[in-house]
Amino acid sequence: MILSIGLAADPTFVRGLRALAHAGIPFNVVDLPTLAMSGDVDIPLDNLRETRIRAGEDATELSFHDVSAVWCRLLNVSDAAPDERLAHRADGQVQALCRLLGAIDLPVLNPPLREAANFSKVLHAVSLAPACGWRTPRSCLTNDPTTAQAFIRSCSQGAIFKGASAAKTWATLFEGEHEPRLPRLVHTPALFQERIVGPDVRVHVVGDRAFGEVIHSPQLDYRAARGANRFAALTLPADVLHGCRRLVAESRLPFLGVDFKIQESTGEWFFLEANPMPCYEGYDIRADGAISKAIVEWLTTSRATVFP
């Protein structure tokens with residue numbers, strides 16, 4: 001049985017559940033808000049396989065003895081709780097599940113907290129790229145206005161800026177109107193990068209399989225141009241494919257959404273980041289469900305690996 005833990009309101013989680021159902025794979029679902037409101041988690045620290053979850057007031061108790069693999073998207077819903085008690089309860093449960101799924105001897109897609117570098121974008125890029133032989137854009141993480149200004153002026157093709165943490169952020173082209181805001185950097189750092197002019201590439205890696213898509217967009221950040229982008233399936237160069245597989249091994253995460261930019265003038269690839277919990281449903285729809293099928297196959301066959 002596949003244990004699926006996530007949010008019923010999360011379209012990506014729901015797409016994974018539909019793929020399991022379509023394949024006829026037995027699975028049970030734990031909805032995190034329901035768990036917080038009326039469920040329980042019991043984790044015996046001396047034997048994690050004895051963990052039991054009751055996902056709701058009238059729900060059957062789930063035992064990890066019956067679980068062959070775990071599909072999870074652990075999103076902390078405590079900020080949306082209607083009162084402080086439920087907020088603490090939701091936060092405590094997701095923190096406990098994160099640690100359980102990182103330690104239990106079961107295939108988990110993906111073990112939460114496994115790749116801690118993703119909490120800082122620049123650390124994430126510089127720690128993973130060398131292992132795969134990839135270049136990253138010239139970058140400057142700073143809260144010093146003078147340093148930022150000097151870096152921006154050194155970028156012949158322009159500079160972009162974005163948030164530096166793991167929180168969702170938007171890449172923005174630095175223009176003259178932003179110059180007066182540079183003094184605000186003293187209150188919080190920002191990540192500046194040399195602009196790479198060319199298309200984006202998203203690669204979803206599931207175990208040793210990879211699904212590439214090139215995105216041509218009229219916007220700097222293609223996520224802000226819904227309906228105006230051009231998507232096309234992409235056969236990955238051998239070195240990029242090898243690097244993606246190496247990234248899975250290095251990060252010990254079986255499922256990654258890996259982002260690149262291709263320099264239009266030279267064809268050179270630049271690594272941006274690897275998302276350990278990608279929202280992949282749009283890419284999967286365009287790929288005729290290939291990503292979901294690979295996830296189901298990983299969860300249910302010998303592809304599933306328990307990383308040490």
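In the predicted model, Asp 288 is located in the loop that runs between helix 7 and helix 8. Asp 288 is not a glycine, yet its phi is positive, at about 60°. The residue is exposed, because its relative accessibility of 62% lies over the 50% cut-off. A positive phi of about 60° is also found at Arg 252, again a residue that is not a glycine. Arg 252 belongs to the loop between helix 6 (238-251) and strand 15. With a relative accessibility of 30%, Arg 252 is classed as partly exposed. Most residues other than glycine have a negative phi, and most peptide bonds are trans. Asn 110 is placed in the loop between strand 7 (108-109) and helix 4 (121-132).

The packing of two helices was examined next. Two packed helices are described by the angle between their axes and the distance between the axes. For helix 1 (residues 11-22) and helix 8 (residues 290-300), the axes come within 9 Å and cross at roughly 65°. Helix 1 is therefore roughly perpendicular to helix 8. The crossing of helix 1 past helix 8 is right-handed. On the side of helix 1, the contact is formed by Arg 15, Ala 19 and Leu 20, and on the side of helix 8 by Ser 292, Val 296 and Leu 299. Sorted by class, the residues in this contact of helix 1 with helix 8 comprise four nonpolar, one polar and one charged.

Aromatic side chains were then considered. The count of aromatic pairs in the model comes to ten. One of these is formed by Phe 161 and Phe 174, whose rings are edge-to-face, with 6.1 Å from centre to centre and 75° between the planes. Phe 161 is part of strand 9 (residues 159-162), whereas Phe 174 lies in the loop between strand 10 (172-173) and strand 11 (190-194), so the pair ties together parts that are 13 residues apart in sequence. Phe 161 is partly exposed, at 21% relative accessibility. Phe 174 has a relative accessible area of 12% and is buried, because this value is under 20%.

Phe 255 and Tyr 280 also form an edge-to-face aromatic pair, with 5.5 Å between centres and 85° between the planes. Phe 255 is in strand 15 (residues 255-262), and Tyr 280 is in the loop between strand 16 (269-275) and helix 7 (281-286); the pair thus links distant parts of the chain, 25 residues apart. Phe 255 is buried, at 3% relative accessibility. Tyr 280 is likewise classed as buried, with a relative accessibility of 0%. Phe 255 and Tyr 280 belong to one aromatic cluster together with Phe 13 and Trp 71.

Two further positions were described by their surroundings. Thr 136 is situated in the loop between helix 4 and strand 8 (139-142). Its relative accessible area is 25%, and Thr 136 is accordingly partly exposed. When residues up to four places away in sequence are not counted, Thr 136 touches Ala 125, Ala 129, Phe 270 and Phe 271. Between Thr 136 and Ala 210 the separation is 74 residues in sequence and 20 Å in space, C-alpha to C-alpha.

Asp 31 is part of strand 2 (residues 27-31). Asp 31 is buried, with 16% relative accessible area. Leaving aside residues up to four places away in sequence, Asp 31 touches Gly 6, Leu 7 and Ala 8. Asp 31 and Ala 131 stand 100 residues apart in sequence, and their C-alpha atoms are 36 Å apart in space.

Terms used. Residues numbered from 1 in each chain as written. Predicted model: local features only at pLDDT ≥ 70, side-chain atom pairs only at ≥ 80, totals over all residues. Heavy atoms only, no water. Axes fitted to C-alpha atoms, helices over the stretch in contact; angles between N-to-C directions. Helix = DSSP H or I, 4+ residues; strand = E, 2+ residues; numbered from the N terminus. Parallel < 35°, antiparallel > 145°, perpendicular 65-115°, else oblique. Left-handed = near helix turned anticlockwise from the far one by under 90°. Contact = heavy atoms within 4.5 Å. Nonpolar A, V, L, I, M, F, W, Y, C, P; charged D, E, K, R; others polar. Phe/Tyr/Trp six-rings, centres within 6.5 Å; stacked < 30°, edge-to-face > 60°. Buried < 20%, exposed > 50% of the residue type's maximum accessible area, 1.4 Å probe, protein only.
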